[in-house]
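Dear colleague,

I am handing over the structure below, and after it I set out what was found. Please read the notes with the structure open beside them.

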Amino acid sequence: MKTPSARLALFASGNGSNVQRICEYFREDTRIRPVVLVCDRPSAPVWERASRLGLPALAVDRKKLNDAAFMLPALQSYKISHIVLAGFLSLVPPFVLAEYPVLNLHPSLLPAFGGKGMYGNRVHRAVLASGCAKSGITIHEANERYDEGKVIFQAECEVSPQDSERTLAERIHRLEHRYFPEVIEDWAMRFRDAV
C-alpha cells in the first residue's frame with residue numbers, strides 16, 4: 001500500500017463534528033490520511049466519535065501539550081506531517097509550530113470576533129450582539145497567537161435578526177463541513193514537498 005503524502009493529526013477539544021467530517025472526506029484518499037486525534041479535554045464528545053471512526057487518540061493536558069519531550073516524540077510516533085486544529089481550544093506551543101505546518105478553523109470572519117476566549121457559542125453570541133449582517137468561517141495558518149495567522153480561506157453567510165446562537169451555529173457548521181476538508185486537501189498537498 002502506498003504511503004500517504006500527508007498524515008494528519010487532528011487536534012480537537014469539543015464535539016468533534018469537524019473531526020468526523022474530515023475523516024469521512026479522506027476515507028478513500030490515498031494521499032491524505034487522518035492518523036490520530038489529539039484532545040485536551042477528558043470529557044469531550046470527540047473521544048466517542050474517534051472511537052467509532054477507528055481513529056487512535058492521544059490525551060494531552062496542559063503540561064503534556066507544553067512539554068516538547070512528550071509532544072514531539074508522540075507526534076513523530078504517528079509519522080505526522082501536518083496538524084489540523086478542528087475546534088482545539090488550547091494555544092499550540094511554539095516548538096510544535098516550528099516542526100509542523102498547522103491549520104486552524106475559526107467560526108467567524110477574522111479579524112472580527114477572534115482572540116483568546118473567542119470560540120463556539122461565545123463567537124456567535126458576540127456576532128449577534130454586534131448586529132453584524134454577516135458572519136462566516138476563517139481557515140488560517142496557526143501562529144503563536146490566537147487567530148492571527150495568515151488567512152487561507154473565508155466563506156460567509158447572512159445573519160438574520162431572527163437568528164439565535166443555535167441557528168447561527170448551524171449555518172456556520174454547514175460552512176465548516178462543506179469547505180474545511182477541501183481547504184485541508186489543497187493546503188496539505190501544497191505543503192507535501194516542504195515537509
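Cys157 counts as buried, at 8% relative accessibility, where buried means under 20% relative accessible area, exposed over 50%, and partly exposed in between, computed with a 1.4 Å probe on protein chains only. Cys132, by comparison, is partly exposed, with a relative accessible area of 31%. A disulfide is taken here as a pair of cysteine sulfur atoms within 2.5 Å, and by this rule the count comes to zero disulfides. Cys132 is in no disulfide, since the nearest cysteine sulfur, that of Cys157, is 11 Å away; Cys157 is likewise in no disulfide, with the sulfur of Cys132 as its nearest at 11 Å.

Please keep in mind that this is a predicted model, in which local features need pLDDT of at least 70 and side-chain atom pairs count only at pLDDT 80 or more, while totals for chains, interfaces and linings use all residues. Residues are numbered from 1 along each chain as its sequence is written, and side-chain values use heavy atoms, with hydrogens and water left out.

Turning to the interior, a nonpolar core is a set of buried Ala, Val, Leu, Ile, Met, Phe, Trp, Tyr and Cys residues joined through side-chain atoms within 4.5 Å. The largest such core has 36 residues, of which Leu8, Val19, Ile22 and Phe180 touch the most other members. Helix 7 (residues 165–191) gives the most to this core, with 10 residues; helices (H or I, at least four residues) and strands (E, at least two) are DSSP runs, numbered from the N terminus. Leaving aside neighbours within four places in sequence, Ile22 is in contact (heavy atoms within 4.5 Å) with Leu8, Leu10, Pro34, Val84, Ala86, Phe180 and Ile184. Apart from this core lies another, of 21 residues, and among them are Val35, Val38, Leu75 and Phe88.

Asp29 is also worth a look, as it lies in the loop between helix 1 (17–25) and strand 2 (32–39) and is buried, with a relative accessible area of 13%. A polar atom of the Asp29 side chain lies 2.6 Å from the backbone nitrogen of Arg31, and the Asp29 side chain also reaches the backbone nitrogen of Ile32, at 3.2 Å.

Finally, Arg52, which lies in helix 2 (residues 46–53), is exposed, with a relative accessible area of 56%. Arg52 and Gly115 are 63 residues apart in sequence and 32 Å apart in space, taken C-alpha to C-alpha.

With best regards

Notes. Polar contact = N/O pair within 3.5 Å; in protein donor to acceptor, adjacent residues only side chain to side chain.
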